[in-house]
Structures are given as structure tokens and as C-alpha cells.
Amino acid sequence: MTEISQNDIDKAIAHKREEYLARRAAGAPVENHPQRDYAPYRSSALRHPQQAPVAVNGGDPETVELHTPVFGVSDITEIDSDLTRQHNGEPLGERITVSGRLLDASGRPVRSQLIEIWQANASGRYAHMRDQHPAPLDPNFTGVGRTLTDDEGRYTFTTIKPGAYPWRNHTNAWRPAHIHFSLFGSAFSQRLITQMYFPNDPLFAYDPILQSVTDDKARSRLVAAYDHDLSVPEFSLGYHWDIVLDGPSATWIEEGR
Amino acid sequence: MTTTSPATPLTPTPSHTIGPFYGYALPFPGGPDLAPAGHPDTISVHGYVYDGAGDPVQDALIEIWQAAPDGSLDGAPGSMRRDPVTGGFVGRNGIDFTGFGRIATDKDGRWSAHTLPPGARPGHAPYISVCVFARGLLNHLFTRLYFPDQAEANATDPLLSSLDEERRATLVATVEPNRTYRFDIRLQGEGETAFLDFV
């Protein structure tokens, strides 16, 4: 099998970007999400549908998907949101505080809803058997967090800044540092799994997963902002990242659960 | 605190793939077991996830969400109940029906869950909402599992009746012995599952 170089991937990324700009110039709407068929991310080749999705009108409030799974205080423990306190010792790496708000497309807070995160450790290694990157595991860091949003839709995690890591999409492929986020809204149709990045990472341009979001503004919304007010004196550096859910939201009656 | 300010339209946060390493974070013990243990009405739902080459997808994550047997869509907390002593999972309480399940596919690309039959309102067939995540899938996919033994309700269901026979068939499970239903998901190609977009 021929080796695929970063240069090959860069060309493929540029090609997909030109296609998007041509679509835009022809009057197509902004694409806020990646197209599932994105050749530079090679694993997408056999895993994207070829038929157009069936549109379901979200105007019917009794549709099952316009209601949502609910979670409560019994589903989390107090230290779930502090990934630095889940073991006997202190994890290695740069402590960070990540905080923001979970909102729907109308700017309304999503209250009392579950947010789950997972990430590599400071060396860029996941606590997962399939991750064979020869970087050290940290016995004091698992990299899994959960929390419930408050009445303003706010969440806060204390964790370690994850490291970048290599993967096998192509030769010398590296993922920029990121934290995986899993989010529920006030409707199952708003379900979202995504990744949060750190500002000014030099790997952004090389990464076909981040570049799968071809719209520049949309892509920039995946990058957290350094926020000095969130930094904790003598303890951690602060990052701010708000999340906005797509899709029809639930009826108002469900708010304030 | 209530936010009463007029709604300001915001642009959504883009989706990303779940990647290969969610397995130690998202699945939880009891994730596939929505039905209280020993409940006489329990049904089993299961199937395979296939890619465009017909190979099983070994790193997909399936989430299901459904009405309770009485048709209620309120759900309940407690799908992933925790033990405050050890931090581990204690399982569901065996009484409440949360309506939510989460199952990672195994090495055979297979998933299974045990639940109660969903209720439905008049004019609509009962179904289980299914959300599919996978490595290689940059944006999750929604579909629905309908029941083959609800032929009358299926015939008039607004979604099913809007689809041609081939697409419609991908949303209807096949019936097996012992209150079991099989529902395969084909991400691409021949027999591709009909996926839904809520607009």
C-alpha cells in the first residue's frame, strides 16, 4: 500500500475547502457541521451514508426526539468534574479550569443536563488499551469527567491540559490537543459529540478532523479562549468555551426541570 | 434564575467524530438494560452495524431513547446511577424506566439491549429512537427502530408511510423468538439504513 504523506492530506484538505467555497459562491448555505463524506479523514470513506437523510419536521412537539433523556444528581459523584482528584496522587501536567455555558440555538441555557468529557493525559496517551502510542500512562489520571449544568447552563471542569498525539490516518499524522465533549440538550435531536481545542495550536492546519469543518468561522467555534478570570491563583489556567446545540429544541414546558 | 431576554439566534457548535477512545468514558454498566430486571414485558432488541464494505463496525456507540410503555416521554434520571462511596456504578434502581440506553458495539459489530415496549399516541406507530456514533463518522446519525408486529400502526405512521418500500424496510426490525427484535444498521451502500434529519 502506498504511503500517504501529510502533503497528500494537505492537498485533499485544500480541495475540500475549494469545493465548499464554490458551493458558497453558488449560494449554498453556511455549513456548520462537517460533511460526513470527508476523504482526508480516511476512516470516513466507508462510514458515511450515500443517500440524503429523510427530513422530519420538528414542529410536532410530541415527537419522541423532541424530548430528552434526563439525568440527575444520582448519576454523578462530586469529584466527577475534577479530573485531578480521582486518584490517590496528583496527575502530571498543566492544571486547567475549563468552563462555559451550554445553550440552545436561541441562546437559552440548557439546565440540569449531563455533560461528559474524555481526553488524553499530559503526554498524549489515553487510558485505553487500543491506544498504543508509546507515551507514559499516568497512574493518577484517567481522563473522564461528568457534570450537570447549572441554572444558567454553566459547567466547569478541573483537569490537565491534554497532550497532542500521533495517529495513523497518514504518515506523521498528529492530533492537536483536544478534549472530547458529549452533550445532551432539551431534545434528543440536539444531541452533540464534539471536541474542544486550545488556542493557537500549530497542528490545526494539518489535522483532517478539525479541517473537516470547512467553514472558517464554524471551525473557530471549536477553539476555547484563554480566560484569565477563570485562572485560579496558584493552581490552574482558565479556558472559556461555550457550546451551542443545533436542531429543534423542546417545548418550553420542559425548561426548568 | 430565569432568562427572559428575547432569544438571540446563535450559530451551533460543529460536530466531531466520537473517535476510537470513548470506550472508557461513555459506556456504563447497565447501559443496555432499560427494563427492570425480571420485568415480564421485557423485549430484546439487537443487531449489527455494518460499513460500506459490509464489514462490522467494531467501534460504534448506539444510544436509544424511547417512550415508556404508557407513552410518557418524561424519562427519569438514574440511567447511570453512581455509588458515592466508591465512585463506581450501582446500576439502575430496578423501578424507574429512564427511557435511555447506551451500548458500544462489540468486536462483531453487534449491539443488544433489553427494554420495555414503547407506547405511542394514536395515529403514530411505536418506535425506539436510535442515535449512532462511530469512529470515522464526523456527525452522528439518527434513525428509528419500528416493530414488525405493529403492521396496522406502521401502515399509517407519518414517517413510515412517507418512504418507499425499500427505505421503509430498513426502519422495521425483524421479529425473532422470545420477544426479540433484530435491527441491523447499514451506514453505507446496499440496504443503507434510512437516516433522519430533524428540521
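A nonpolar core is a set of buried Ala, Val, Leu, Ile, Met, Phe, Trp, Tyr and Cys residues joined through side-chain atoms within 4.5 Å. In this predicted model, the largest such core has 41 residues, and the members that touch the most others are A:Trp118, B:Ile18 and B:Leu26. Strands of both chains each supply at least two residues of this core: from chain A these are β1 (54–56), β3 (114–119) and β4 (144–148), and from chain B they are β2 (60–66), β5 (127–134), β6 (141–146) and β10 (196–198). The strand that gives the most is β5(B), with 3 residues. Another core, of 37 residues, lies apart from this one, and A:Leu83, A:Val98, A:Ala177 and A:Tyr239 are among its members. In soluble globular proteins, nonpolar side chains tend to be buried together.

The contact between the two chains can be described next. It involves 76 residues of chain B and 87 residues of chain A. The size of an interface is often given as the accessible area lost when the parts come together. Here chain A and chain B bury about 7200 Å² between them, with 58% of that area on carbon and sulfur atoms. Of the area that chain B buries against chain A, 12% comes from B:His16, B:Phe21 and B:Tyr24, more than from any other three residues.

Charged pairs also cross between the chains. A search of the whole structure gives 19 salt bridges over all chains, and the count between chain B and chain A is 7. One salt bridge pairs A:Arg47 with B:Asp59, whose closest N and O atoms are 2.9 Å apart. A:Arg47 sits in the loop between α1 and β1 of chain A, while B:Asp59 sits in the loop between β1 (43–50) and β2 of chain B. With a relative accessibility of 8%, A:Arg47 counts as buried, and B:Asp59 is buried at 4%.

B:Arg102 has a partner in each chain. Its salt bridge with A:Glu116 has closest N and O atoms 2.8 Å apart, and the one with B:Glu63 also has them 2.8 Å apart. Because B:Arg102 lies in strand β3 (residues 100–104) of chain B and B:Glu63 in strand β2 of chain B, the latter pair ties together parts that are 39 residues apart in sequence. B:Arg102 is buried, at 1% relative accessibility, and B:Glu63 is buried too, at 0%. Elsewhere, salt bridges with shared partners join A:Arg47, A:Arg130, B:Asp59 and B:Arg135 into one network.

Within chain A, a salt bridge links A:Arg95 and A:Glu90, with the closest N and O atoms 3.1 Å apart. Here A:Arg95 is partly exposed, with a relative accessible area of 25%, and A:Glu90 is exposed, at 53%.

The last element to follow is helix α1 of chain A, residues 6–25. At 1.5 Å a residue its 20 residues should span 28 Å, and this agrees with the 28 Å between its end C-alpha atoms. The buried residues of α1(A) are A:Gln6, A:Ile9, A:Ile13, A:Lys16 and A:Tyr20. These cover an arc of only 90° around the axis, so they lie on the same side of α1(A). The buried residues of α1(A) pack against α2 (208–211) of chain A. On the face turned away from the buried side are the exposed residues A:Lys11, A:Glu18 and A:Ala25. After the helix comes A:Gly27, with a positive phi near 100°.

Notes
Residues are numbered from 1 along each chain as its sequence is written. Chains are lettered from A and ligands numbered from 1 in the order in which they are written. This is a predicted model: local features need pLDDT of at least 70, side-chain atom pairs count only at pLDDT 80 or more; totals for chains, interfaces and linings use all residues. Side-chain values use heavy atoms; hydrogens and water are left out. Buried means under 20% relative accessible area, exposed over 50%, partly exposed in between (1.4 Å probe, protein chains only). Helices (H or I, at least four residues) and strands (E, at least two) are DSSP runs, numbered from the N terminus. The expected span of a helix is 1.5 Å times one less than its number of residues. The arc is that of the directions from the helix axis to the C-beta atoms. Contact means heavy atoms within 4.5 Å. Buried area is the accessible area (1.4 Å probe) that two parts lose on being put together, summed over both. A salt bridge is a side-chain nitrogen of Lys or Arg within 4 Å of a carboxyl oxygen of Asp or Glu.
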